[in-house]
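Hello,

Here is the structure I promised to pass on. My notes on the helix packing and the sheet follow below.

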Amino acid sequence: MSTMLPSSSTTGTTTGTTTAPDARTEAEPPVAVPPGAESRTAPWSTDPYANALRNGHGPLFLRRSDGWLLPLEVERWCSDAGAADLSALHRCEGPVLDIGCGPGRLVAELTALGHRALGIDVSAAAVARTRRIGGSALLRSVFDPLPGEGRWGTLLLVDGNIGIGGDPAALLDRAADLLSTGGLLIAETSPLDIDERFQVRLDDGLRTPAEPAGPADRPFPWARIGTPALLRYAGACGWRPADQWSAEGRAFVALRRPRLPLRKRSARTSSQSAESANSTPVISSQLER
C-alpha cells in the first residue's frame, strides 16, 4: 500500500498521482515542527490516547483546569463509518486529506469509495491502526510540512478536530495553504452555539492524584466552536460557505478555500488571531460538568 498524493491537476479530478515512500515503513517523528506546534500536538501520542485506540474503547476525556470533562467518543472512532460520517464523505471532491485521522475509519471508507485519501495524526497508534484497516496515513501534525500542499481537493476536520491548536483562525489559514484553488474544507462543529478556547489535558480516569504526573498531564490548547462561530472565523479569513447540515445529532459545515492572495489572507488571519488572543473565551453555560 503506497501513499497516493494529489496531482497538480484541477480539483475534483482523480487522474494523475505521485507515489510517496511506502507509508507502512514511515514511522519517524514529525520533522521541521514550527515553534509551539509540539505543545499543541504531543499529548495525543501519549499512553492514555494510544491505549484507548488499541483497546477500541474509553474511558477517555479532555479535562479542563476547572475539572470539567469532555468525553471522547473512542468507540465510535474505532467503529465503521456511520451515516453521519457518510453524509460528509459523499460531499468530498478529489484527493482527500483527513486531519487528525485517529484510528482511520474515514480514510478506510474513502479508499473503499474510490477516493485517493491520506490521514495524518500525531499518534503512532492511530497511524498504525489506520494502515491496518486499509488506509494510508502518516505520522504528522497539520502544522508540519505535508505532502501535496496546495493540491488537496478536500480537507476533513471532524470528530472535534476543528479544535486543534486552540486557534480556529490559524487552523483555517493553514487549511487554505493545503487546499487547491476552490478546494473544500468539511468541518464538524459543536451542536451548541459556543466559541471557547482553553487549556486541557488527556485523562483516562485511571491515574490517582498520588501518582506522579506524566506527559499526558501536560496541558495543551484546544477549542470548541459551533457553526455560527466557525462561519464568523471563516468569513474573516475569506472562506466562502458552501453547505451546512446535521446528521445523527452532529453538525457539519463545508467551506470553499479563499481566493485571496496568500499574503493578504495571512495578514487578515493574523489580525483575526490577535483579536481572538486578546478576547475572553466564551464559555457556554449549557455545558455539563
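H7 crosses H8 in a right-handed way (right-handed means that the near helix is turned clockwise from the far one by less than a right angle, left-handed anticlockwise). Helices (H or I, at least four residues) and strands (E, at least two) are DSSP runs, numbered from the N terminus. H7 covers residues 168-178 and H8 residues 227-236; they pack at about 55°, with axes 10 Å apart. Axes are lines fitted to C-alpha atoms, for helices over the stretch in contact, and angles run from 0 to 180 degrees between N-to-C directions. That angle makes H7 oblique to H8 (under 35 degrees is roughly parallel, over 145 roughly antiparallel, 65 to 115 roughly perpendicular, the rest oblique). Pro168, Ala169 and Leu172 of H7 meet Leu230, Tyr233 and Ala234 of H8 (contact: heavy atoms within 4.5 Å). By class, this contact has six nonpolar, no polar and no charged residues. Nonpolar covers Ala, Val, Leu, Ile, Met, Phe, Trp, Tyr, Cys and Pro; charged covers Asp, Glu, Lys and Arg; the others, Gly among them, are polar.

This is a predicted model: local features need pLDDT of at least 70, side-chain atom pairs count only at pLDDT 80 or more, and totals for chains, interfaces and linings use all residues. Residues are numbered from 1 along each chain as its sequence is written, and side-chain values use heavy atoms, with hydrogens and water left out.

Next, H2 (residues 47-55) and H6 (residues 124-132). Their axes come within 8 Å and cross at roughly 20°. H2 and H6 are therefore roughly parallel to each other. H2 contributes Tyr49, Ala50, Leu53 and Arg54; H6 contributes Ala125, Ala126 and Arg129. Here the count is five nonpolar, no polar and two charged residues.

Now the sheet. It is open, has seven strands in the order E7-E6-E5-E8-E9-E13-E12, and its pairing is mixed (strands pair if DSSP finds at least two bridges between them). E7 (137-139) and E12 (240-247) are at the edges with a single partner strand each, so one side of each lacks a neighbour in the sheet. The twist averages 20° from one strand to the next. E5 (residues 96-99) and E8 (residues 152-157) run parallel, joined by three bridges. Asp98 has Leu156 in E8 as its bridge partner.

Two helices lie across these strands. H7 lies across E5, E8, E9 (179-189) and E13, at about 140° to E9. H5 lies across E5, E6 (117-121), E8 and E13 (250-256), at about 170° to E6.

Best wishes
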